[in-house]
Amino acid sequence: MMTEEERNEIIAQMQAEAQAAQAAQAAAAPASTTEPAAQPQQEPAAAAVAFDENDESTWGTPGRNSPCPCGSGKKFKHCHGSL
């Protein structure tokens with residue numbers, strides 16, 4: 001158990017850290033708002049290929065416990081990912 005003084009000290013320390021984090025974020029915000037406008041946005045390479053439930057080559061690499069991309073509602077490991 002902590003004394004009231006220890007508790008107040010910890011709360012004051014946490015508030016000081018939060019204020020320092022907010023100040024650092026506010027200082028970085030103006031620099032970050034000008035950078036994205038200067039750089040053109042690029043689409044990821046994965047978005048270039050359209051996803052098709054019937055074409056396994058467009059599925060990428062789903063996780064074993066992810067839903068199967070074929071739309072069966074089963075986990076991938078119990079559907080198309082079974083060994």
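Predicted model: local features only at pLDDT ≥ 70, side-chain atom pairs only at ≥ 80, totals over all residues.
Glu-4 and Arg-7 sit 3 residues apart in helix H1, about one turn of the helix, and both belong to that element; helices here are DSSP runs of H or I with at least four residues, strands are E runs of at least two, and numbering starts from the N terminus. The two side chains form a salt bridge, with the closest N and O atoms 3.4 Å apart. The rule asks for a side-chain nitrogen of Lys or Arg within 4 Å of a carboxyl oxygen of Asp or Glu, and by it the count comes to 1 salt bridge. Glu-4 is partly exposed, with a relative accessible area of 49%, and Arg-7 gets that label too, at 38%. The cut-offs are under 20% relative accessible area for buried, over 50% for exposed, and partly exposed in between, using a 1.4 Å probe and protein chains only.

Residues are numbered from 1 along each chain as its sequence is written, and side-chain values use heavy atoms, leaving out hydrogens and water.

As for the overall picture, the protein chain has 1 helix and 0 strands. Of its 83 residues, 6% are buried. Taking contacts (heavy atoms within 4.5 Å) between residues at least 6 apart in sequence, 2% join residues at least 24 apart. The chain exposes about 7,200 Å², with carbon and sulfur atoms supplying 54% of it; areas come from the Shrake-Rupley method with a 1.4 Å probe, and for residues only the protein chains shown count as cover.

Back on the helix, Met-14 lies in H1, which covers residues 4-38, and counts as exposed at 53% relative accessibility. Together with Met-2 and Ile-10, Met-14 forms a nonpolar surface patch of about 280 Å² accessible area. Patch members have over 30% relative accessible area and no salt bridge; like charges are joined within 9 Å, and nonpolar side chains (Val, Leu, Ile, Met, Phe, Trp, Tyr) within 5 Å.

Then the cysteines. The structure holds 0 disulfides, a disulfide being a pair of cysteine sulfur atoms within 2.5 Å. For Cys-70, the closest cysteine sulfur is in Cys-68, 3.6 Å away and so too far for a bond. Cys-79 is in no disulfide either, its nearest cysteine sulfur, that of Cys-68, being 3.7 Å away. Cys-70 is partly exposed at 21%. Asp-55, in the segment after H1, is partly exposed at 31%, and its C-alpha is 8.6 Å from that of Cys-70, 15 residues away in sequence.
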